[in-house]
Amino acid sequence: MNRSLSIRSNHRRNGSQNTSTKRTGFSFNSLRGNIQPELSRKLYRIIKSENNLITAHETAGRERISIATQLSEWGEQTNDAAVSDVSDKVGVILSELGEQEDQYAHSLDDARGVLKHIRNTEKSVQPSRDGKDKIADEIAKLKMKEPQSARLVVLEQELVRAEAENLVAEAQLTNITRQKLKEAYEAEFAATIERAEKQIILAKHGRRLLQLLDDSPVVPGDMRPAYHHAQQARQILNDAEDDLRDWRPEQDDFAVDPSDSVSNARGKQSVGHDDDAHIVAGSATGDRAARESDAGSVVSDGTRQGEALAAH
C-alpha cells in the first residue's frame, strides 16, 4: 500500500493537492473522427469510447480518495476514540481502493494504445483498396466507351500491380488485427482480474477493521468501555499491505483443441452421408413400387381386353 497508517497525516502534509495524473482533455484531435477513412472509422469510435471509459475510472478513483479523506476528518471530530481510529483506518482502505482504480485506468489506457496499431494499419490499407478500385472502375468505363483503346493494356498492367500491393497490405492487416486484438484484450482482462482480486483483499481487511468497533447499544448515563484496539487496527493495515505486495496473477491455460473443429466437421459430414443414403434408399423403394404398379396395371389391362374379345 506504501502509505502511512493514517490518511490524516498525508492529507495535512499534501494539502488538497491531487497526486493522480490528469489526462489530456479536449483537443482538435477530437475532430478527427469526421475525416477517418471508412475502413478505420468504427475502430476509431471504439478507441474514443475507451477513452471515455478510462476517464470515468480515473474520476471514480479520485472521488474514492476524496471520500476517504472526508470520512477520516469526520471521524476525528466525533470526539469518539473508537470511531475516530476506525474511520481513519477505513479511510486508508478506501484511499487504496481509489489508487487501484487509477492503476486500472492506466492499464486500460495501455490496452487502448495497442488497439491503435490496428487502426493505423487499417488507415494505411484504405488507400491501397481505393487505388485498386479506382483503376478497375476506369477500365470498366473505358471498355464501354473505347473497347479497342491502347490505354486498356496500360491500365490492366497497373491493376495487376495494384492488386499485388493490396494483397500484401491485406495480409499485413489481418496479421496485425489478430495479434493486436488478442494482445489488447488479454491485457485488459488481466488488469480486470488484478483489480477485482485486490479489491477483494482490501474489502476483507476493511471488514476486519469494522469488527473492532463495538456497536452494542448503551443506556443513557452509562460509559462505553475504553477503546483498546488501536494496535490491532494498525496490524490489519499492515496485513493488507503485505497481501497486496504478495499478490501474484494465476497462470491460466486456455488451450484450444484443434481437433474439435475437425471432428465436428466429420460428424456433420457423416450425418450428411446418412441422410443421402436414406434419400437414395427411399427413392429406390419408390421406383420399385412404381414399376410394380405399372406392371400390375399392364396385366389388368390385358385381362380386361381378353375378356372383351371372348364376349364378342
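Is Phe189 buried or exposed? Phe189 is exposed, at 53% relative accessible area (buried is under 20%, exposed over 50%, partly exposed in between; 1.4 Å probe, protein chains only). This is a predicted model: local features need pLDDT of at least 70, side-chain atom pairs count only at pLDDT 80 or more, and totals for chains, interfaces and linings use all residues. Residues are numbered from 1 along each chain as its sequence is written, and side-chain values use heavy atoms, without hydrogens and water.

**Aromatic rings**
- The whole structure holds 1 aromatic pair (Phe, Tyr or six-membered Trp ring centres within 6.5 Å; planes under 30 degrees apart are stacked, over 60 edge-to-face, the rest tilted).
- Tyr185 and Phe189 form this pair, which is tilted, with 6.3 Å centre to centre and 45° between the planes.
- Both residues lie in helix H4 (residues 151-210), 4 residues apart, about one turn of the helix (helices are DSSP runs of H or I, at least four residues, numbered from the N terminus).
- Tyr185 is partly exposed, at 26% relative accessibility.

**Charge over a ring**
- Arg195 places its charged end over the ring of Tyr104, 4.5 Å from the centre (CZ of Arg or NZ of Lys within 6 Å of the ring centre and within 35 degrees of the ring normal).

**Nonpolar core**
- The largest nonpolar core has 20 residues (buried Ala, Val, Leu, Ile, Met, Phe, Trp, Tyr and Cys joined through side-chain atoms within 4.5 Å).
- Ile93, Leu209, Leu212 and Tyr227 have the most contacts inside this core.
- Helix H3 (81-145), H4 and helix H5 (230-246) each give two or more residues to this core.
- H3 gives the most, with 7 residues.
- Beyond its neighbours within four places in sequence, Leu212 contacts Tyr227, His229, Gln232, Ala233 and Ile236 (heavy atoms within 4.5 Å).
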